[in-house]
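Dear colleague,

Please find below the structure that I am handing over to you. My findings follow it.

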Amino acid sequence: MIRLFHASDVHFGAEDHEALDWFAGCVHDEQPDAVVVTGDLTMRARSHEFAAAARWLEGLGRPVTVEVGNHDLPYFNLWARFVTPYRRYRALEAMIERPLDLPGLTIVPLKTTARFQWRLNWSKGHVSTRALRETLARIEAAPTGHRIFIACHHPLIEAGTRSSSRTRGGRVALEALGAAGAHSVLSGHVHDPFDIRYPGGAGEMRLIGAGTLSERVRETHPSFNELRLVDGVLEVEVRRMGAA
């Protein structure tokens, strides 16, 4: 069995310290095989927010892969946003978009953020041709017979949550990922968990969203997902803070 803890939207700068301590305690007590964080480590991409996020992630003591979220791009410094948008990630460099190979499972990153979009709301998702091409190449390089999980920030299609992703190129990407052999897509952004099945042309895929560990909750209290891969069958449990 492989166990993953899937968290998202930690938002250092608007973090919930109780939720962070609860999650870290679960990691230390239960020792999952890996931790997947699908974006928005920070609130405003400030250096001290990234530093706090790096300390927290390093303290988990488990293999970690982290995706970039829209809040992780500089908001106030346009030069940094367009020229060096990920410079403040240097403390996290080893974790960012890090493919993880576990027994029978490969986790592959997909970038869904954009420095600029031809629409007013730049927080929404965008899958570029280049980003999709890079992800497909990583899928092709995965060991034969592995299950493929994709990790990205924005849901590729709407999941019926209160918040939306409106990811441009998302459905095209989803079909391409399915055709390439991906089995599941892990995401965040909407701050509420979901688990839906997508009947794509290449076969059914599982789309799984994590909630938030920040103060910016929507319909669900702070939560994360526990994923268990048992004999090729994926089990998903939403772990809510304060629930038995």
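The notes below go from the whole chain to its individual elements and residues.

Please bear in mind throughout that this is a predicted model.

**Overall make-up**

The protein chain holds five helices and eleven strands. Of its 244 residues, 57% count as buried. When contacts between residues at least 6 apart in sequence are considered, 73% of them join residues at least 24 apart.

S1 pairs with strand S10 (residues 223–230) in the antiparallel sense through five bridges. In this pairing, Arg3 stands opposite Arg228 of S10. With strand S2 (residues 34–37), S1 runs parallel, and four bridges join the two. Here His6 is placed opposite Val36 of S2. Together with helix H1, the strands S1 and S2 form a right-handed β-α-β unit.

**Helix H1**

H1 has 14 residues, which at 1.5 Å a residue should span 20 Å; the C-alpha atoms at its ends are 20 Å apart, in agreement with that expectation. Its buried residues are Ala19, Leu20, Phe23, Ala24, Cys26 and Val27. Viewed down the axis of H1, these buried residues fall within an arc of 155°, so they line one face of the helix. That buried set packs against S1, S2, helix H2, S10 and strand S11 (233–240). On the face of H1 turned away from the buried side are the exposed residues His17, Glu18, Asp21 and Asp29.

**Aromatic pairs**

Six aromatic pairs were found in a search of the whole structure. In one of them, the ring centres of Phe23 and Trp56 are 5.6 Å apart and the ring planes meet at 40°, so this pair is tilted. Phe23 belongs to H1 (residues 17–30) and Trp56 to H2 (residues 47–60), so the pair ties together parts that lie 33 residues apart in sequence. Buried means under 20% relative accessible area. Phe23, at 0% relative accessibility, therefore counts as buried, and Trp56 counts as buried at 11%. Ring pairs also link Phe23 and Trp56 into a cluster with Phe5, Phe12, Trp22 and Phe224.

**Helix H4**

Helix H4 consists of 13 residues (129–141). At 1.5 Å a residue, H4 should span 18 Å, and its end C-alpha atoms are 19 Å apart, which agrees. Ala131, Leu132, Thr135 and Ile139 are the buried residues of H4. Seen down the helix axis, they fall within an arc of 95°, so they line one face of H4. The cover over these buried residues includes strand S5 (105–109), strand S6 (147–151), helix H5 (170–180) and strand S7 (182–187). Thr129, Arg130, Arg133, Glu140 and Ala141 are exposed on the face of H4 turned away from its buried side.

**Two buried loop residues**

Gly69 is located in the loop between strand S3 (64–66) and helix H3 (78–83). With a relative accessible area of 0%, Gly69 is buried. Its C-alpha atom is 4.3 Å from that of Asp40, although Gly69 and Asp40 are 29 residues apart in sequence.

His191 is located in the loop between S7 and strand S8 (194–200). At 1% relative accessibility, His191 also counts as buried. The C-alpha atoms of His191 and Gly211 are separated by 4.3 Å, while the two residues are 20 apart along the chain. Leaving aside residues up to four places away in sequence, His191 touches Asp9, His11, Gly211, Thr212, Ser214, Arg216 and Arg218.

With kind regards

Methods
Residues numbered from 1 in each chain as written. Predicted model: local features only at pLDDT ≥ 70, side-chain atom pairs only at ≥ 80, totals over all residues. Heavy atoms only, no water. Expected span 1.5 Å × (residues − 1). Buried < 20%, exposed > 50% of the residue type's maximum accessible area, 1.4 Å probe, protein only. Arc of directions from axis to C-beta. Contact = heavy atoms within 4.5 Å. Phe/Tyr/Trp six-rings, centres within 6.5 Å; stacked < 30°, edge-to-face > 60°. Pairing = 2+ DSSP bridges. Right-handed = clockwise from strand over helix to strand, strands pointing away.
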